[in-house]
Amino acid sequence: MNSEELVEVVLPGKVEPEGLRIRRGEVPAPGPGQVLIRMEATGVSFAEQQMRRGRYYDQPAFPFVPGYDLVGTVAATGEGVDPGLAGTRVAALVKVGGWASHVLVAAADVVPVPEGIGAAQAETLVVNGITAWQMLHRKARVRAGQAILVHGANGGVGSVLVQLAQAAGVRVIGTAAARHHDALRAQGVEPVDYRAGDVPARVRALAPGGVDAVFDHVGGHGIVDSWHLLAPGGTLVSYGSASTRDDEGSKQWPVLKLLGRVWLWNALPNGRRAYFYNAWAGHALARGRFRARLRADLTQVFAAFQRGDITARIAAQLPLTRVAEALRLAESGTVAGKVVLTP
Ligand SMILES: NC(=O)c1ccc[n+]([C@@H]2O[C@H](COP(=O)([O-])OP(=O)(O)OC[C@H]3O[C@@H](n4cnc5c(N)ncnc54)[C@H](OP(=O)(O)O)[C@@H]3O)[C@@H](O)[C@H]2O)c1
């Protein structure tokens, strides 16, 4: 492959993973304020599982290039951008467009990746790291000695959340399919099988007084159980609707229902708090603050990695052209961590 040819993955409509298309073209030039990133690693997020079913609540119209985040080196800089940025390794959160060999991003949106962190390692920490860090430290504000419940503790976000919480001195109970339990126990997580029924009773057996925070990406009716598992003073962080991925009908309704519930719980005088976390909050209306927060928090996540507080969980690494396999693998429920795509 000519390294200066653009290769990108197109999601043409609601398709099975094999329906994704590879498109080739010319590498674009950065406009004013932009940088051109030569992708070294991008990844499969739950968002793409939803988008290929037309189920992500604000996805663009088909066809488009998916890819929530990426890591790469700055290949060229546009007008008004410090030319010294060229050659540096950066990370970016883009929501869509990351599954490409070359990606244009506003220079203000890239975050430097410190020396010594590999591209695939860094990739596991971009959207997953920001999401985990902000939910843990900006929403739940956990403290040492507390106990939390992490749903999907083996997943991309879940596995970073678990490690960041443990680094903060927090006890972690984690739901996951039984096949992941040995690995979770080895990490010091107390596992609960979410497929074996009565999750609340199993969690209560481990934490009779409730937990100080619950991180729930599952949504649906289970969110009520998550709320009732909180100890006095506890915080529910709802951040997804994985349970409705395969539903028909409105893609916004499950999220709106969660927002309504969370708002109501927060408004009632019950000594507990509830939030819906959205990594994009503030992106449209307070761009400067959004960028500053993203840069500060991702820098903290990279520092946690360098200290050894967290490890990069690479579930598998596949070239971009084998994206169908990568997506199938991510959806298989057999992997732990992040499926990474490389050029
Ligand atoms: N709000 C935000 O800004 C934001 C940002 C990033 C991610 N998210 C959300 O975070 C979640 C995780 O994303 P990810 O990229 O880390 O995904 P991932 O790596 O695919 O992990 C998904 C995890 O969820 C579990 N799971 C899947 N379906 C489930 C169900 N119906 N009930 C219970 N558990 C289920 C999986 O368990 P198995 O392995 O056993 O299947 C796995 O542990 C997604 O829901 C995503 O939408 C939200």
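Me: Which is Arg141, buried or exposed?
Reply: This is a predicted model: local features need pLDDT of at least 70, side-chain atom pairs count only at pLDDT 80 or more, and totals for chains, interfaces and linings use all residues. Residues are numbered from 1 along each chain as its sequence is written, and side-chain values use heavy atoms, leaving out hydrogens and water. Buried means under 20% relative accessible area, exposed over 50%, and partly exposed in between (1.4 Å probe, protein chains only). Arg141 has a relative accessible area of 53%, so the residue is exposed.

Me: What phi does Arg141 take?
Reply: Most residues other than glycine have a negative phi. Arg141 sits in the loop between α3 (127-140) and β8 (147-150); helices (H or I, at least four residues) and strands (E, at least two) are DSSP runs, numbered from the N terminus. Arg141 is not a glycine, yet its phi is positive, about 50 degrees.

Me: Which is Lys95, buried or exposed?
Reply: Lys95 also has a loop position, between β5 (89-93) and β6 (102-106). Its phi is positive too, about 70 degrees, although Lys95 is not a glycine. Its relative accessibility is 15%, so Lys95 counts as buried.

Me: Which residues does Val10 touch, leaving out those up to four places away in sequence?
Reply: Val10 lies in strand β1. At 7% relative accessibility, Val10 counts as buried. Contact means heavy atoms within 4.5 Å. By that rule, the partners of Val10 are Leu20, Arg21, Arg23, Pro63, Phe64 and Val65.

Me: Which residue does a cis peptide bond join to Phe62?
Reply: Most peptide bonds are trans. Here omega is about -5 degrees, and the bond is cis.

Me: How wide an arc do the buried residues of α10 cover?
Reply: In α10 (residues 323-331), Val323, Ala324, Ala326, Leu327, Ala330 and Glu331 are buried. They lie on the same side of α10 because their arc around the axis is only 160 degrees. The arc is that of the directions from the helix axis to the C-beta atoms. The value is 160 degrees.

Me: What radius of gyration does the chain have?
Reply: The radius is taken over C-alpha atoms, and the globule rule is 2.2 Å times the number of residues to the power 0.38. For 343 residues, a compact globule would come near 20 Å. The chain agrees, at 20 Å.
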